[in-house]
Amino acid sequence: MDDLELDGFEAVPAVAGLADTWWRGSDSLIAVYRGEAEVMDAPQCKTATIYAGLDEWGLRGLDDIVRPSK
């Protein structure tokens, strides 16, 4: 997990507590989880989940969809 190369990725500002941080690349998202490892003083518990091959919707989610007014 400490070897993740995040050059070219941008931090996603709001993660709603689902991960410690999210990073967005051109076609991927990386969710980084460190909190549990820090609380338990167990660095081996740090994890990251990589979601690769995403389209624009997968990278931006529902927040960027313009919904028609009623």
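Colleague: Which residue in β3 does arginine 24 stand opposite?
Modeller: Arginine 24 stands opposite leucine 29. This is a predicted model, where local features need pLDDT of at least 70, side-chain atom pairs count only at pLDDT 80 or more, and totals for chains, interfaces and linings use all residues. Residues are numbered from 1 along each chain as its sequence is written, and side-chain values use heavy atoms, with hydrogens and water left out.

Colleague: How many bridges join β2 to β3?
Modeller: 4, and the two run antiparallel; strands pair if DSSP finds at least two bridges between them. Strands here are DSSP runs of E, at least two residues, numbered from the N terminus. A hairpin through 3 residues joins β2 to β3.

Colleague: And what stands opposite tryptophan 22 in β2?
Modeller: Valine 12.

Colleague: Other topic. How many aromatic pairs does the structure hold?
Modeller: 1. The ring centres of tryptophan 22 and tyrosine 51 are 6.0 Å apart and the planes are at 20 degrees, so the pair is stacked. Rings of Phe, Tyr and Trp (its six-membered ring) pair if their centres lie within 6.5 Å, and planes under 30 degrees apart count as stacked.

Colleague: Is tryptophan 22 buried or exposed?
Modeller: Tryptophan 22 counts as buried, at 16% relative accessibility, whereas tyrosine 51 is partly exposed at 37%. Buried means under 20% relative accessible area, exposed over 50%, partly exposed in between (1.4 Å probe, protein chains only).

Colleague: Which residues make up the largest nonpolar core?
Modeller: Val12, Ala19, Trp22, Leu29 and Ala31. Such a core is a set of buried Ala, Val, Leu, Ile, Met, Phe, Trp, Tyr and Cys residues joined through side-chain atoms within 4.5 Å.

Definitions and conventions:
Rings of Phe, Tyr and Trp (its six-membered ring) pair if their centres lie within 6.5 Å; planes under 30 degrees apart count as stacked, over 60 as edge-to-face and the rest as tilted.
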